[in-house]
Amino acid sequence: MLVLNRVTFIGRLTADPDPPKRLKNDSRVIRFPFVVNKIPRKDTNGKYLPDPNPMYIDCEAFTNPTDRYQLVDIIAEYCARGQQLYIEGELTFKQWQDKKGQPRSKHILTVKHIQMFETERKRKGKSEIRRHPGQDAGLTVVYMSSQST
C-alpha cells in the first residue's frame with residue numbers, strides 16, 4: 001500500500017514566528033502562522049479582487065541537534081510577518097482537551113522545506129541571498145548571508 005502525505009504552499013506569515021522551544025529529546029521546534037490566498041481574480045474594471053476566504057494554517061518546524069541545516073534557526077532569524085514563503089511538509093493531526101474539558105483538534109503543517117522569496121534583512125538592504133542545497137531529509141533552504149561567497 002502506498003501512502004503520500006505531502007503538501008506545498010506559497011503564502012505569507014501572518015505574524016513573526018514564536019521563539020524556538022527545546023523539547024525533551026534535545027530537538028527544537030518553532031511555530032508560526034501562515035496564510036494562503038487563492039489565485040487573484042480581476043473584476044470587470046481589471047482590478048484585482050481580494051480573496052474572501054483565505055486559508056490560515058498553523059505551521060511548525062523541527063530541528064534535531066545532528067541536522068546539518070538548522071531549519072529552526074533559519075526560520076527564527078530570517079522569517080518575519082508578511083514575508084512570502086514556499087513551504088513544503090506534511091499534515092499532522094493534533095488532539096487535546098481545552099480548559100473546560102471539551103475535545104479539540106486541528107491539522108498542523110509540519111514543515112520539512114522552506115524557500116524564502118524575500119527576507120526582512122534583504123528588504124532592509126543589509127545582506128544578499130545565498131542558496132544551499134540541504135543533504136539531509138531532502139531539504140533545500142534559502143537563507144540570508146551578510147557575507148558574499
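In which loop is the place of Asp26? The structure is a predicted model, in which local features need pLDDT of at least 70 and side-chain atom pairs count only at pLDDT 80 or more, while totals for chains, interfaces and linings use all residues. Residues are numbered from 1 along each chain as its sequence is written, and side-chain values use heavy atoms, with hydrogens and water left out. Asp26 lies in the loop between β2 (21–22) and β3. Although Asp26 is not a glycine, its phi is positive, at about 75°. Asp26 is partly exposed, with a relative accessible area of 39% (buried means under 20%, exposed over 50%, and partly exposed in between, with a 1.4 Å probe and protein chains only).

The protein contains 2 helices and 10 strands, taken as DSSP runs numbered from the N terminus (helices, H or I, at least four residues; strands, E, at least two). From the N terminus on, these elements follow the order β-β-β-β-β-β-α-β-β-α-β-β. Of the 149 residues, 33% count as buried. Contacts are defined by heavy atoms within 4.5 Å; among those between residues at least 6 apart in sequence, 56% join residues at least 24 apart.

In helix α1 (residues 71–78), the buried residues are Leu71, Val72, Ile74, Ile75 and Tyr78. Seen down the axis of α1, these residues fall within an arc of 170°, so they line one face of the helix; the arc is that of the directions from the helix axis to the C-beta atoms.

Confidence is expressed as pLDDT, the predictor's confidence in each residue, from 0 to 100. The protein has a mean pLDDT of 80, and 79% of its residues reach 70 or more. Among the elements, strand β3 (residues 28–36) has the highest mean value (95) and strand β10 (residues 140–145) the lowest (41). Over residues 125–149, pLDDT stays under 50, and the model has 58 contacts beyond four places in sequence for this stretch. Where pLDDT is low, the predicted coordinates should not be read in detail.

A search of the whole structure finds 1 cavity of 30 Å³ or more. On a 1 Å grid over the protein atoms alone, a cavity is a set of points where a 1.4 Å probe fits but cannot get out, and lining residues have an atom within 4 Å of a point. The largest cavity has a volume of about 40 Å³, a volume being the space filled by probe spheres set on the points. Its lining is formed by Asp18, Pro19, Lys21, Val29, Ile30 and Arg31, and β3 gives the most to this lining, with 3 residues.

Notes: 1 Å grid on protein atoms, 1.4 Å probe; cavity = no way out; pocket = protein on both sides within 12 Å on 5 of 7 lines; lining within 4 Å.
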